[in-house]
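Q: Please take a close look at the ligand site of this structure, and then set it in its surroundings.

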Amino acid sequence: MMRARFRTVPGWVLIPALVGVLFVLLPLLGMLLRVDWASLWGLLTSESSLTALGLSLRTALISTVLCVLLGCPLALVLARVQLPGLRILRSLVLLPLVLPPVVGGIALLYTFGRLGLVGQQLEALGVSIAFSTSAVVLAQTFVALPFLVVSLEGALRTMGTRYEEVAAGLGASPTVALRRVTLPLVAPAIASGAALSFARCLGEFGATLTFAGSMQGVTRTLPLEIYLQRETDPDAAIALSLLLVLVAVAVVGFSAPSRRRRGAGFRAGLSGWVRGAGRSARGVAEADGAATSPAQARGADAERGNCDSSRFEGLSGLGEVPNLQASPAAGREGHNGLEARVVLESRGVDAELRADRGQTVALVGPNGVGKSTMFAVISGLLAPDRGRVRVAGNDVVDLGESSRGKWTPAHRRGVALMAQEPLLFPHLSVLENVAFGARCKGLGRDASRRSALRWLGETNAEGFADRYPEQLSGGQAQRVAIARVLAAEPELVLLDEPLSALDISARPEIRKVLKRVLAERTAVIITHDPDDVAELADHTVRLGSAGSKQLDRGGTDSGGSSAGSSTARV
Ligand SMILES: Nc1ncnc2c1ncn2[C@@H]1O[C@H](COP(=O)(O)OP(=O)(O)OP(=O)(O)O)[C@@H](O)[C@H]1O
């Protein structure tokens, strides 16, 4: 019986799809029917066939290694670096994808041939490339490189940079983040790109014939051997073609994404994250056993983002805290908490933010006023037009007309940023995630793990140490993320709505954990939830169009003066 299910594809699409399948499979079937099965083995194991096969496999393997070595950096630059002219460079680099291979062969000949641009110099050094096995490798690499670049660049763009940003906050230099985060996360794309490149190398014909010629044992690869045999021994040509088809099927099968492969889990997680969904209210509610009715979901939405900052006015104060400008530490040169002044005109942000050492400041204000922008500048993810940021007494940013032009990279600031979604590294276990920061600081493997276990204990998450992030509920993942940030021992913790992706029933427990672990730490928390302010914050700063304002502990306007420029929109 046919199982009823929601269909996303109209039924008629199956007909042209089937024609497409037949279009590819029929010629292969036609060839299969012409195979002389009785003499197949003899034809495949003839000396000329084995020589050509061996040469093809050897050269394709070397070329694929070259593609990986050159293609990975190239894809990283194309996907991540912003330079003028990079789009044009990208089109040029990918040209071999659409160029007839014979044209590629001619281009290589006039570059590396005896009289070519580079070939002349090489000849003078006694190195001759054209019509050698090296020429085969060059021709194959030339045509196959774009396959790896395209496949990896796409994966890097889909992945975005947020995992690297988390890694930087935990103290990972760009090189460490590349080795421990980026490359493992895009490993499936590298593998499938390499498999495609390998297949392309195996099938390469036009560029090889033009640039390397067809000398048995030296440059005559399998496709060239097939072409030659077609003239003299069609049965041998068919047998070798069958062999090439089988190798291609195996390679394409390896490179095709499999639902069962672990990498697929990463990709699913990544694409969900790219969609900006994080964990949906429903998903988290199910994971944590919370209610999921539409009314509750609406309530959670209201809690999450669209909270008017005027709600904080109605809360009663929980204790008198000196206002920022009057704070004895504030404004002093030796202030060792946080002092930030940020101007970024393109986002309409001009604001100041201060936090005394060991205190938690709640940063509140309406949507779009610049709270996350402040965090991005303080943590080193975004450069302001002008501004100064001091963390624990050190200038980490000092940019402006009359300033020294100082910009400390994100991984050297001691500022850890925690976002709404936990963003645990999906390829690392919970224990490895939490040990990440300590490892970046150079601590040994065992010591890092011991420290990670201690922090997992602090956040009541030691029971998940051996699990992978995809095996955690939203609340559990957030507890692990808190442990990971604290295990990195940052000078300053920035929390950007850390509870808003959680169902409301999961929030009190995480809030309790945060209250405990943030005590005595310098922290700033962006929140739209008055409960967070009441329970976690020593001070509240509200950003708004009339300037940033110091509120007292419960969120009540304490009458403090504006912390931003009086003329500024904050
Ligand atoms: N990537 C970006 N590029 C350009 N402008 C941006 C970008 N992100 C945010 N902005 C703009 O910068 C301003 C400040 O945004 P920001 O995200 O810092 O506000 P926010 O106070 O954190 O808002 P929310 O409470 O909704 O998170 C807004 O006008 C927004 O449209």
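A: The account below begins with the ligand site and then turns to the rest of the chain.

This is a predicted model, in which local features need pLDDT of at least 70, side-chain atom pairs count only at pLDDT 80 or more, and totals for chains, interfaces and linings use all residues. Residues are numbered from 1 along each chain as its sequence is written, and side-chain values use heavy atoms, with hydrogens and water left out.

A side-chain N or O atom of Lys371 is 2.8 Å from an oxygen atom of the ligand. For Arg347, a side-chain N or O atom is 3.1 Å from a ligand nitrogen, while a polar backbone atom of Val369 is 3.2 Å from a ligand oxygen. On its own the ligand has 620 Å² of accessible area, of which the protein covers 55%; such areas come from the Shrake-Rupley method with a 1.4 Å probe.

Beyond the site, Leu494 is found in strand β8, residues 492-496; strands are DSSP runs of E with at least two residues, helices are runs of H or I with at least four, and both are numbered from the N terminus. Leu494 counts as buried because its relative accessibility is 0%, where buried means under 20% relative accessible area, exposed over 50%, and partly exposed in between (1.4 Å probe, protein chains only). Between Leu494 and Thr360 there are 134 residues of sequence separation, yet their C-alpha atoms are 9.6 Å apart in space.

Arg521 lies in the loop between α21 (507-518) and β9 (523-526). Arg521 has 15% relative accessibility and therefore also counts as buried. A polar atom of the Arg521 side chain lies 3.4 Å from the backbone oxygen of Val517.

Definitions and conventions
Polar contact = N/O pair within 3.5 Å; in protein donor to acceptor, adjacent residues only side chain to side chain.
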